[in-house]
Every structure is written in structure tokens, then in C-alpha cells.
Amino acid sequence: FDRVEGAIGVSDGGGAIDLELTSTDLSATVDGSWSRSTDEPFGLDASLSATATSLHDGVRALLPTGVLSIIDGMEMASDSPLSMSDASLRIASDGAVFEGVAGFESMDVRVGLRLEDLVGRASINARLRDGQTPEVAVDLSGERALVGGAQLSDVRARVETGARFVSEENGRLADAPGTVYVPSVAASIAGGRLAASGSIRPDPRSASFEGGAWRADADLSGLDFGRLLGEVSRDPERVAQAPENRGLLDANFSLTGRLGNVEAQRGRALIRVQPAPGSDGTEVLRLPGLIEFVKLSNLQAPVGEPIDFAYAEAFIEGAVVNLHDLSAESKSVSIKGSGTMTLPDLGLDLTFTTVVLRDVSLLTEIFERVRNELVTARVGGTLYDPQVEVEQLTATRKLLDAIIGGEDQRPRP
């Protein structure tokens, strides 16, 4: 601190504390008393308040080692102003207890999921004892935040670590000491709800959170799919151009990884998009090329059928999402696909074929056996700006080449 003003009373049994500490990027006040006795060599009971320009090294230097390790484990970072109010610190021979409320204007933090630009406050209760893992409970409440580019509101999360939160009943006895648990995260997102949980474990070799394992499970329900795509694209014009009715998204994610290592990320996701109950004219996917694909596959006059249902099963490996079972349906045709999507740009490399869902009078019995192999579509671009290319008779051409050309298959212009 650049300046310290106030007084500390000194007597045989202790004294009062009244201090103001300031620097260019940090200020604090301490108001309380200290004491000493034969039974208690040192005691402190004080009220605290503080403001800082960011979560910088000066703030970190004031934090107990145990609390600092938790901040590192949750990958907390902020370049915006912070404040601490209604805080108290009590120190006795058996340890220390800290309670307070921290406010922040823009905080990045991992609570299982990675939240960015969280605006809100955190109620903190920490107990520190010599030679023991800190016991810390944090209740986060946020007005808004971002997750993967999508806007969250009414964010609530519980974070806890320490022996008093570990029991046989909650299945945490086998976890490494110092594991940070996130038993609940809840928020509103794109007109629906997010519910999540997770944990962050220190590296057992170093007891540090650097390279430690994390886990996250999340459920999404009732999200406006068009609004979600617009928010993820971070493009206001695209949000404005989105169809009014793109259906509702429900999804389940289960992810694991290691802090600081994107390539170690692994997981599974199930995603479903379908019309809202009682709605008409839902257009789940706005892909003009894929609509033409539906028409070609159906061998009927163009009817402009919207794709009103989509389902995907995905496996995440590092920055790549492998889509093993991707389906999109109109009323007459089901489109089956597979491929990859890259993160965080949502770049697509997908291939689709068709399955006809209703009888088509123009098809003969023989032709009907191969109708689902007549047309192939490749989808590139990004999830919010897909580019569709359609190839007709792909399987048939390959079969004829194999029969007529044998091993000598020349490139087709």
C-alpha cells in the first residue's frame, strides 16, 4: 500500500484497530480489535471492506494460500473493478474464519462450465486451520454471464471445498483433498433453463490445480433455437434475420478435461430440436440447399417443406465434435448425417443421405430399394451460416464405375 492511516491500540490485553490502506489500484479499511492472553496468544475480530481495479497480483498477495489455490482452480480472472463489503475476519489459535460479500462487474470463472463476463456477487464463507485443507463455501448470484457466447441471466451457483463437504452419502470420500465441488448451477438461457454441476480436482502429483481434472454435466431445456444460434454467432444482424419460429432445443452434455489443455477435453452430448407444443410452421433448420435436397430425394414437385425436427448424438474430443448420429426431418423425408464440428468457431464438415418416410408413387419396387442412396449433401460453413452442396446419384455412379471401369477409375470432371 502507498499510504496507511489510522491507529492500532496497544496494551497488555490487546487494543483497537482503525486503519485505512490505499494504493493506486487497491484500497481497504479495517475496523476491529486484537487481543492476547495466556490461553490465546493472538486473536483478531475485525470488519473489512475493500475495492480494487481488478483481480491483480496485489489482491492475490493479500489472500490466504488456501483461498488463492481455489481461485486458481476455478480459473477466476477479472480485469474489471471488484469490491468487498460486509466482511468479517476472526482469528484465534484454532484457525481463522472469513465471511464477506464480493461484488464484480465482469468475472470469468469455471463452475463446471466456463462462465465469462459474469456480473454479480459472491457470498463467501471460509474456514482456515493450520495444516488442513481450507473449507470454503461460495454462493454466486449473477445478473448475466456468457457461456459459449450464449447469454445467461439470473445465474445461481454453489461452490464448496473442504472436509466438512465430504461424506460417504455424497460419494466424495475417494476424491483428492482440495477438490472443488460445484453441486448446482442454474440460469435462464435463450428463453429456457440451464442446470449444471461439476468438480475441479487438483493434480495428485503436485497438489496444484494447474493441469488438474475437471468435470461438467449440463442439461438444457426449452431453449429458443433461433435465438440461441443468433447469440452464439455474436452477430446482431443474424439475430434480427432469424426466423421467428425455429423450435425448441433440449440437450444433455457430459464433459471432462484438464485445466489449460483443450486437447484433453472429452465428452458426450445429446441434442434435440423440435416444434414447440401447439406451434405451426416451425422451421428448425433454415438451410435452403438442404430443402432442395429434400425435394430431390422425394422425387415430387417442389413443396418447400420445412425441416421441423433435428436430433444429434455427439462425442467431443478436444476442439472437435464428432457427430455420429445426426438426423433432420421434414414431413416426408428423414435426412441422416455424420461428420464433425470444430470449436469454438462451429465450423461444419458434414455428409447427409436420405430416407423417405412416406410412399412415393413415382418409384417402382426395384427403384425403391436404392432411392435412399440417390442424393448426397455435404454441409460446410458454420452452424449459423451453413453452406450446402448437393450431389445426385452419387452411390449409383460409384457402383457403375466399379462395374464398368474395374480398378481403372479415372477422376470424373
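Two strands pair if DSSP finds at least two bridges between them; strands are DSSP runs of E with at least two residues, and helices are H or I runs of at least four, both numbered from the N terminus.

I'm working on a predicted model, where local features need pLDDT of at least 70, side-chain atom pairs count only at 80 or more, and totals for chains, interfaces and linings use all residues. Residues are numbered from 1 along each chain as its sequence is written, and side-chain values use heavy atoms, with hydrogens and water left out.

Entry 1, strands. I looked up S12 (residues 213–224) and found it antiparallel to S13 (residues 248–258) over 10 bridges. Asp217 has Ser254 of S13 as its bridge partner.

Next I followed S13 to S14 (residues 261–274): antiparallel again, over 10 bridges. Here Thr256 sits opposite Arg266, and Phe253 is opposite Ala269. I also checked the hairpin of S13 and S14, which has two residues between the strands; Gly260 takes a positive phi near 80° there.

S14 then runs antiparallel to S15 (residues 309–317), joined by eight bridges. I noted Leu270 opposite Glu313 in S15.

Is Leu62 buried or exposed? I get exposed (over 50% relative accessible area; buried is under 20%, partly exposed in between; 1.4 Å probe, protein chains only), at 53%. Leu62 belongs to helix H1 (residues 57–62).

I also found Leu62 in a nonpolar surface patch with Phe1 and Val4, about 300 Å² of accessible area together. For the patch, residues need over 30% relative accessible area and no salt bridge, with nonpolar side chains joined within 5 Å; a salt bridge means a Lys or Arg side-chain nitrogen within 4 Å of an Asp or Glu carboxyl oxygen.

Note on methods
Patch = residues over 30% accessible without salt bridge, like charges linked within 9 Å, V, L, I, M, F, W, Y side chains within 5 Å. Areas by Shrake-Rupley, 256 points an atom, 1.4 Å probe, with all protein chains shown as cover.
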